[in-house]
Amino acid sequence: MDPEALQRLRRLGGDDLVRRMIEVFLEDAPKRLVAARRAVEMDDLDGARRASHSLKSAAGILGARELQTAAERMEAWADASDVEQVRGMMHELETMFTVARAELEAQQRRVAE
Amino acid sequence: MKRIAIIEDNPDNRLLVRAIVGDAYELDEYELGSDALAHVGDDGVDLLLVDISLPEMDGMEVVRRVRADAALRHLPTIALTAHAMAGDRERLLAAGFDDYVAKPIVDEGVLLSTLERWLSTPARRRPAAGAPPAS
């Protein structure tokens, strides 16, 4: 995680904005992952590209750099129409989301204290 | 108060833009280009912020429709794009955008100054599609 991203959000809108951004992310990102998984299973490159693009963008705002990188790579493979590589990225994308979620949930607990 | 409509399917981006805009402008949020196009003409919107990567109708198609609509043609329309690479600027301007802001938005000042610049500019006179060029 890049702490600077959350600090920037905090400067902009205080702990309240940080809390709401994380809340929205934790609600929205799992849907994008499901969409990515479904797209991968159906060899739907466009669906995979859109889902990974959204994840990349949301992860970038919150500073979840590893998730952002994984999503960026999946998007690049989808752009290159390489179904095998896109499929190969799915596991990493899910793993990096799990890592990001744990860190963001810990962050939520710190803000709540 | 000036009114902005944002078309963006990512809720974190909408929340971020709302936090940046604060009380400076009214902000209408849309997830889909088709919803926005159905409303902005009647709602007195002064500027459109359009994400490029939208489901169903992408941002490039949204701006094409804005420019093809007699009632919306002059609306300042700014792209929000993660693809801020060399050559994209020309592509966005050619599609009809007036300007663009790169995502992720790391510097709120860039967004605010871009909004201010276009909201304080008198509506550009765009020739109607198919009309002869003004002499």
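1. The bond joining B:Lys103 to B:Pro104 is a cis peptide, with omega at about -5 degrees. Keep in mind throughout that this is a predicted model.

2. Chain B in outline. Counting elements, you get five helices and five strands. Read from the N terminus, they go β-α-β-α-β-α-β-α-β-α. Chain B has 135 residues, and 36% of them count as buried. Take the contacts in chain B between residues at least 6 apart in sequence: 56% of these join residues at least 24 apart.

3. Where the chains meet. On the chain B side, 16 residues are in contact with 16 residues of chain A. Helix H1 (residues 11-21) of chain B supplies the largest share of that side, namely seven residues. Sorted by class, the chain B side comes out as nine nonpolar, three polar and four charged residues.

4. H1(A) and H1(B) pack with their axes 9 Å apart, at an angle of about 165 degrees. Angles over 145 count as roughly antiparallel, and that makes H1(A) roughly antiparallel to H1(B). The crossing is right-handed. From H1(A), the residues involved are A:Leu12, A:Gly13, A:Leu17, A:Arg20, A:Met21, A:Val24, A:Phe25 and A:Asp28; from H1(B), they are B:Pro11, B:Asp12, B:Leu15, B:Ala19 and B:Ile20. The class tally for this contact is nine nonpolar, one polar and three charged residues.

5. A:Met21 deserves a look of its own. Leaving out residues up to four places away in sequence, A:Met21 touches A:Leu9, A:Ile61 and A:Leu62, plus B:Asp12 and B:Leu15. In the largest nonpolar core, which has 64 residues, A:Met21 is listed with A:Leu62, A:Leu67, A:Met74, B:Ile7, B:Leu48 and B:Leu49 as the residues touching the most other members. Helix H1 (residues 3-41) of chain A gives this core its largest share, twelve residues.

6. H1 against H2 in chain A. How far apart are the axes of H1(A) and H2(A)? They are 8 Å apart, and the packing angle is about 160 degrees. That angle makes H1(A) roughly antiparallel to H2(A), and the crossing of the two is left-handed. Among the H1(A) residues in this contact are A:Met21, A:Ile22, A:Phe25 and A:Asp28, and H2(A) brings residues including A:Leu55, A:Ala58, A:Ile61 and A:Leu62. The contact of H1(A) with H2(A) divides into 16 nonpolar, three polar and two charged residues.

7. H2 against H3 in chain A. Helix H2 (residues 45-62) and helix H3 (residues 65-79) of chain A pack at about 155 degrees, with their axes 8 Å apart. They are therefore roughly antiparallel to each other, and their crossing is left-handed. H2(A) residues in the contact include A:Leu45, A:Arg49, A:His53 and A:Lys56, while those of H3(A) include A:Leu67, A:Glu72, A:Met74 and A:Glu75. By class, the contact of H2(A) with H3(A) has eight nonpolar, four polar and five charged residues.

8. One more residue in H3 of chain A. A:Ala76 sits in that helix. Is A:Ala76 buried, exposed or partly exposed? A:Ala76 counts as partly exposed, because it has 16 C-beta neighbours inside 10 Å. Along the chain, A:Ala76 and A:Glu92 are 16 residues apart, and their C-alpha atoms are separated by 14 Å.

9. A:Asp43 is not a glycine, yet has a positive phi of about 55 degrees. You will find A:Asp43 in the loop between H1 and H2 of chain A. With 11 C-beta neighbours inside 10 Å, A:Asp43 counts as exposed. The other residue is B:Glu56, also not a glycine, with a positive phi of about 65 degrees. B:Glu56 belongs to the loop between strand E3 (47-51) and helix H3 (59-68) of chain B. B:Glu56 is exposed as well, with 11 other C-beta atoms within 10 Å.

How values were computed
Residues are numbered from 1 along each chain as its sequence is written. Chains are lettered from A and ligands numbered from 1 in the order in which they are written. This is a predicted model: local features need pLDDT of at least 70, side-chain atom pairs count only at pLDDT 80 or more; totals for chains, interfaces and linings use all residues. Two residues are in contact if their C-beta atoms, placed from the backbone, lie within 7 Å. Helices (H or I, at least four residues) and strands (E, at least two) are DSSP runs, numbered from the N terminus. Ala, Val, Leu, Ile, Met, Phe, Trp, Tyr, Cys and Pro count as nonpolar, Asp, Glu, Lys and Arg as charged, and the others, Gly among them, as polar. A residue is buried if 20 or more other C-beta atoms lie within 10 Å of its own, exposed if 12 or fewer, and partly exposed in between; C-beta atoms are placed from the backbone. A nonpolar core is a set of buried Ala, Val, Leu, Ile, Met, Phe, Trp, Tyr and Cys residues joined through C-beta atoms within 7 Å. Axes are lines fitted to C-alpha atoms, for helices over the stretch in contact, and angles run from 0 to 180 degrees between N-to-C directions. Angles under 35 degrees count as roughly parallel, over 145 as roughly antiparallel, 65 to 115 as roughly perpendicular and the rest as oblique. A crossing is left-handed if the near helix is turned anticlockwise from the far one by less than a right angle, and right-handed if clockwise.
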